[in-house]
Amino acid sequence: MSNPLLSLNYEPAIQALGGDYYDEVLSAEFPQHILRFRNDQLLPKIGLNSQDVKDEHFIEAFGKFHCVRPFLALRYHGYQFGEYNPYLGDGRGFLYGQVRGVDDELYDFGTKGSGRTPYSRSADGRLTLKGGVREVLAAEILHRHGVRTSRCLSLIETGEGLWRGDEPSPTRSSVMVRFSRSHIRFGTFERLHFYKRPDLTKKLLNHVINCYYSNLKKENISQKDPFQDCYFLFYLELVKRIAKLVAQWMAAGFCHGVLNTDNMSITGESFDYGPYSFIPTYNPKFTAAYFDYSGLYRYSHQPLVCKSNLQLLQEALAAVIDRKNMRSALEKFDDFYLHEYRQLMMRRLGFKKLAEADADKLLQLTIKMLTDSQVGYHDFFLELRQKFSPEWRDDISQIFADFEQPELIDPWRQYYYHLLQTYSDNELEEMTERLQQYNPQQSLIRPVIESVWEAITLEDNWQPFYDLLQQIYD
Ligand SMILES: Nc1ncnc2c1ncn2[C@@H]1O[C@H](COP(=O)(O)OP(=O)(O)OP(=O)(O)O)[C@@H](O)[C@H]1O
Ligand SMILES: [Mg+2]
């Protein structure tokens, strides 16, 4: 039987742009291929039935890379911790192929850990198995939180021993295939600016608008240049998407860890889950990456950093888009962000339509209570989901009745009670449903990941990993 993953109708959209944007590369050959994760939820999105795709098919396509298509290591630069780095690019991955989803949108299969490329510098082109496991888990839980994220399609253990400074070594190896809207990064444009190629910038931007912002084009066709009216709208839409994305991270309690411009997608999708961490308790200074010595990418800095990355991008896009227009678009970032963050936090608290002043007050009291009490960030929302009862409207003493430090929750409790007063029985029922939808059962704080990894590394026991994935979906 032919391999459904190999017989997909691959569209060479990036390849069609020409060789200025990539290098053709080969995959590494691995001593072993053990499929550790396959994402059956993604297969229907590309028109495949999971029963038709066997484990061997994943291994053949995404472990052994039996395929004649050229694999493309994409070229990019980026600002890393504030410093411009012109030595980046896909150093351990490539664009495997692009496919049209059943929703008619274009998707990328991108690898991670598939071998050395011209951009590997002195590194090995590999991904540790732990790194792969962490990325699979982050993407799935962020998806559960409603974050616009890339997801892993497969993770295959590859039987090599890797040496890493941040893992006991030798450590096990893997290769991952990521399913995303696009692997075009802010840094892809920054590189074109660095080489002073406005022609290539414009060509790539037109491609991005065509594929990922096509609604703008339909609404704004002008006679002379069909893109001319879209450029500013594209940047405005990107500002909106990034503001929304960072609000989604903040509400989920997610700290990405490495918000360099090479890790920011031009489609506004979230990706690259390396040293990320979910905050255990509400702490603005929480920093995920051990090498982030100054705390530049700490939890509370994320909106600011994303805004400043958007500002840096203006430099690269100025060859095509009017600077003044981009500046005025970016001025809207804070409003977009606050609007989204407020709304998401209200949903986690069970509310849908609160007046802005009420929402702001409840948000402020929630953050104060979470900060002062240092109750688990995830635990608080999960307990709210589990304990919430329509009876809270009529009896304030039932609201978080057994909270350990009652004086710290009291102002929050009073206000929450006050807000419930106008709610009908029906509305309270809807709140119960909303609390379930927006507050997942499962958390992904570090000890949770470490315990899954411990079972894998000590006993080669993968059951806790599969159980955790199941709990994420529940
Ligand atoms: N083990 C490695 N071998 C070769 N290059 C590497 C390795 N680890 C990181 N790099 C390169 O270092 C740069 C920054 O790495 P970073 O961790 O942000 O990206 P990545 O995780 O490899 O990939 P992606 O951003 O696609 O998730 C990239 O150019 C990346 O390709
Ligand atoms: Mg990266």
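Ligand 1 is surrounded by 20 residues, and the closest are Gly89, Gly91, Arg92, Lys112 and Arg178. Please bear in mind throughout that this is a predicted model. Two of these side chains make polar contacts with ligand oxygens. In Arg92, a side-chain N or O atom lies 2.6 Å from an oxygen atom of ligand 1; for Lys112, the corresponding distance to an oxygen atom of ligand 1 is 2.7 Å. Arg164 contributes a polar side-chain atom placed 3.5 Å from a nitrogen atom of the ligand.

I turn now to the metal. Which residues supply the protein donors of the magnesium ion, ligand 2? They are Asn263, through OD1, and Asp272, through OD, lying 2.1 Å from the ion. Asn263 counts as buried because its relative accessibility is 8%. Asp272, with a relative accessible area of 16%, is buried as well, since the cut-off for that term is under 20%.

Next, the annotated position. UniProt lists Asp262 under "active site". In the model, Asp262 sits in the loop that joins β11 (254-255) to β12 (277-278). Is this residue buried or exposed? Its relative accessibility is 6%, so Asp262 counts as buried. Leaving aside residues up to four places away in sequence, Asp262 touches Tyr76, His77, Gly78, Tyr79, Gln80, Leu88, Arg185 and Phe271.

Let me continue with the backbone. Most residues other than glycine have a negative phi, and most peptide bonds are trans. The peptide bond from Ser169 to Pro170 is cis, its omega being near 0 degrees, and Pro170 belongs to the loop between β9 (151-162) and β10 (171-180). Phe65, not a glycine, has a positive phi of about 55 degrees. Phe65 occupies the loop between α1 (55-62) and β3 (71-74) and is buried, at 5% relative accessible area. Phe400 likewise has a positive phi, near 45 degrees. The loop holding Phe400 runs between α11 (377-387) and α12 (406-420), and Phe400 is buried, with a relative accessible area of 1%.

Finally, I would draw attention to Ser373, which is in helix α10, residues 356-373. Ser373 has a relative accessible area of 9% and is therefore buried. Its contacts, apart from residues up to four places away in sequence, are Phe403, Gln405 and Leu408.

Technical notes:
Residues are numbered from 1 along each chain as its sequence is written. Chains are lettered from A and ligands numbered from 1 in the order in which they are written. This is a predicted model: local features need pLDDT of at least 70, side-chain atom pairs count only at pLDDT 80 or more; totals for chains, interfaces and linings use all residues. Side-chain values use heavy atoms; hydrogens and water are left out. UniProt positions are given in the numbering used here, feature names are shortened, and annotations may be inferred rather than shown by experiment. Helices (H or I, at least four residues) and strands (E, at least two) are DSSP runs, numbered from the N terminus. Buried means under 20% relative accessible area, exposed over 50%, partly exposed in between (1.4 Å probe, protein chains only). Contact means heavy atoms within 4.5 Å. Donors are N, O and S atoms within 2.8 Å of the metal (3.2 Å for Na, K and Ca); water is not among the atoms, so sites may look incomplete. A residue is near a molecule or strand if one of its heavy atoms lies within 4 Å of it. A polar contact is a pair of N or O atoms within 3.5 Å; within protein, one must be able to donate a hydrogen and the other to accept it, and residues adjacent in sequence count only if both atoms are side-chain atoms.
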